[in-house]
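Biologist: Please pick one part of this model and take a close look at it. Give each cut-off as you go. Then set that part in the rest of the chain.

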Amino acid sequence: MEKVREIVREGRRVGNEDPRRVVHAFKVGLALAFVSSFYYYQPLYDNFGVNAMWAVMTVVVVFEFSVGATLGKGINRAVATLVAGGLGIGAHHLASLSGPTIEPILLAIFVFIQAALSTFVRFFPRVKARYDYGVLIFILTFALISVSGFREDEILDLAHKRLSTVMMGGVSCVLISIFVCPVWAGQDLHSLLASNFDTLAHFLQEFGDEYFEATEDGDIKEVEKRRRNLERYKSVLNSKSNEEALANFAKWEPRHGVFRFRHPWKQYLAVGALLRQCAYPVDALNSYINSDMQIPMDVKKKLEEPLRRMSSESGKSMKEMSNSLKKMTKSSTSDVHVVNSQSACKTLSTLLKSGILNDVEPLQMISLMTTVSLLIDIVNLTEKISESVHELASAAKFKNKMKSSSNSDAGSTTSAVPIKSYEGDSADDDHVVTILGDVITSNNNDQSHRESSVDSCHHVAIEIDDDDSIHDKHEEDSNIHVQTSRVSCGHTNASDLLNSGDIKK
C-alpha cells in the first residue's frame, strides 16, 4: 500500500511540473487506438493483414512530446521506408536474374554494402543531428524487404502494404500532434532562453545584498532559502543539450504563431552559449558568497558602491533582454544598463589606482581581486550578450518598441543619471552622464523614417574634460544633440589593474 501511495505522489509531482505531459499521454493513447482499428476492423484487416501491425509500431516509435520531434521522426521514417523499399525491390529483382544459386549470395552482398555504408554515414555530425533515425530505418527496411522477398512471391504487394501502414501510422501521429493541444519545440526553446536570462538577472541583482550584508544568526533559515533561490543559475550550466535538441526539433516545425518556418533558431543557440559562458563566473561568484574564508566587511565596503552597480546594472540589462525576448520587441534599454555597468567599472579602476587597498592583507587582496575580476568578466560578457540579442531581434524581425510621451511638443524626453565622485578621484578624471531619450514619431512621418528612429539607440554618454568642454556637440533648431559614445572597461581584468603600478604593497 505504501508503494502505491509513493507512485501516486510521484505521478502528481510529474504532472504538476508540466501538465502537458498528461495531455501527451492521452494523445498517444488516442493515436494507438485509432491505428489499432486497422487490425480489429475486418474490412481493413482483409486489405492489410498482419502488416497492419506496422502502423501500431510506427505510432509507438514516432509519436514524441513536441510537434517538431514527431514531424522529424515521421518524415525520416516515411522517406527512409520509401527509399529502402524501392532499393530492396530493385536488389531483389537484380539478384533473381542471376539464378537461384547466386541469388542469396548477391542479396547478402547487397545487405552488407548498404548496412556498412549507412552505418558509416550515421557518424557524420549533420546526419547524426537530424537524420540518424531515418538512416537507421533505412537499414532495417532494406534488410527486411531483401530477406523477406527471398521467400515471398508477392514482394511488390508486401512492400506496398508495409509502406501504406507506415504512412498511415505516421500521418496519424502528425495530425494528432499538431491539432490536439500541440506542443511546439520552438516555443519551448524561446521560453527556455528567456527563463535563463531571468535566472542570471536574479542572481546578479541579488549578489550585492548577499556579498556586502552581514548575515544575522537569527535568520539562518531565511538565508538558506534565499541562497537556494540564488543557485537556480545552475540550470543554465546544464541547458546545452536541451537547447540543441529543441533547436533541432524546431527546424522541422511549420509556421506557428509568431514563429516563421525559417526562424533563426541557430542564433538562439549562439545566445544560449553566451549565457552559459556568463553562468560560469556567476558560479564562481556564488562560491565566494558561501566560502568559509570570508573577507572582513570593512574591506569589502571600500569597493562596495562600484561592485554593487556593476552587478546590479548587468542584472538589469539581463532582465531587459528577457523582457525583449518574451514580448519579441526590439529595445535599446538594455544598452543603457550596459553603459552604466561599464561606467561603474571605470569608477572601480579609478578607486584601485588611488591606493585604497594598500592596507589590505595579501590573502584578502587575492580573494577580493578575484571577485572584482569575475564581475568585470560578467560586465564584458553582458555587452556581448546584448549584441547577440540585437542580432537575434533583427534576424527574427522583432517588432519595434514604441513609447509615447505626455509632452507632444518636445522631440524627446531625457533623464540624466549622475555618476558619483569618490575619494581618490583626480580632478581630471572623466565624468560620465547617461541620457535616456524616447523618440516620438508623428503620424505624418513615413514608415522608413519611423523604423530608423526607433531602432536607433536613445542613450548617449558625455565625457567632460578638465577644460569643461563637451566633445562631439552641435546645435540644430535650438536643440542640443550629442553624438553617441560608449564608455567601456576595455575588456580588462583585475590583474591588469593590479599591474598598473598604482597599487603597491
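Modeller: A salt bridge here is a side-chain nitrogen of Lys or Arg within 4 Å of a carboxyl oxygen of Asp or Glu. The model is predicted, so local features need pLDDT of at least 70 and side-chain atom pairs count only at pLDDT 80 or more, while totals for chains, interfaces and linings use all residues. Residues are numbered from 1 along each chain as its sequence is written, and side-chain values use heavy atoms, with hydrogens and water left out.

I take D198 as the part to look at. K319 and D198 form a salt bridge, with 3.2 Å between the closest N and O atoms. D198 is in helix α10 and K319 is in helix α16 (residues 304-327), so this pair ties together parts 121 residues apart in sequence. Helices are DSSP runs of H or I with at least four residues, strands are runs of E with at least two, and both are numbered from the N terminus.

Is D198 buried or exposed? D198 counts as buried, at 17% relative accessibility. Buried means under 20% relative accessible area, exposed means over 50%, and partly exposed lies in between (1.4 Å probe, protein chains only). K319 counts as partly exposed, at 33%.

D198 also meets the side chain of K326 in a salt bridge, at 2.6 Å from N to O. K326 lies in helix α16 and D198 in helix α10, so this pair ties together parts 128 residues apart in sequence. K326 is partly exposed, with 47% relative accessibility.

Two packed helices are described by the angle between their axes and the distance between the axes. Helix α10 (residues 185-212) packs with helix α13 (residues 240-250) at about 150°, the axes being 8 Å apart. On the α10 side, the contact is made by A185, G186, D188, L189, L192, L193 and N196. On the α13 side, the contact comes from N242, E243, L246, A247, F249 and A250. Contact means heavy atoms within 4.5 Å. Axes are lines fitted to C-alpha atoms, for helices over the stretch in contact, and angles run from 0 to 180 degrees between N-to-C directions. The α10 and α13 crossing is left-handed. In a left-handed crossing the near helix is turned anticlockwise from the far one by less than a right angle; clockwise would be right-handed.

Next, helix α17. H337 is in helix α17. H337 counts as buried, at 15% relative accessibility. With neighbours within four places in sequence left aside, H337 is in contact with E313, K316, S317 and E320.

Another salt bridge joins the side chains of K302 and D359, at 2.8 Å from N to O. The pair links distant parts of the chain, 57 residues apart: K302 is in the loop between α15 (297-300) and α16, and D359 is in the loop between α17 (333-353) and α18 (362-395). K302 is partly exposed at 26% relative accessibility, whereas D359 is exposed at 57%. Elsewhere, salt bridges that share partners join E10, R13, E17 and R21 into one network. The structure holds 18 salt bridges.

T370 lies in helix α18 and is partly exposed, at 27% relative accessibility. T370 and L285 are 85 residues apart in sequence, with 8.9 Å from C-alpha to C-alpha. E387 is also in helix α18, and E387 counts as partly exposed, at 41%.

The surface has a nonpolar patch formed by I102, I105, I109, F112, I113 and L117, with about 580 Å² of accessible area together. Patch residues have over 30% relative accessible area and no salt bridge; like charges are joined within 9 Å, and nonpolar side chains (Val, Leu, Ile, Met, Phe, Trp, Tyr) within 5 Å. I109 sits in helix α6 (residues 103-121) and is partly exposed, at 39%.

Finally, the whole chain. The protein chain has 20 helices and seven strands. Of its 505 residues, 43% are buried. Among contacts with a separation of 6 or more, 80% are between residues 24 or more positions apart. The accessible surface is about 27,100 Å², and 57% of that belongs to carbon and sulfur atoms. Areas come from the Shrake-Rupley method with a 1.4 Å probe; for residues, only the protein chains shown count as cover.
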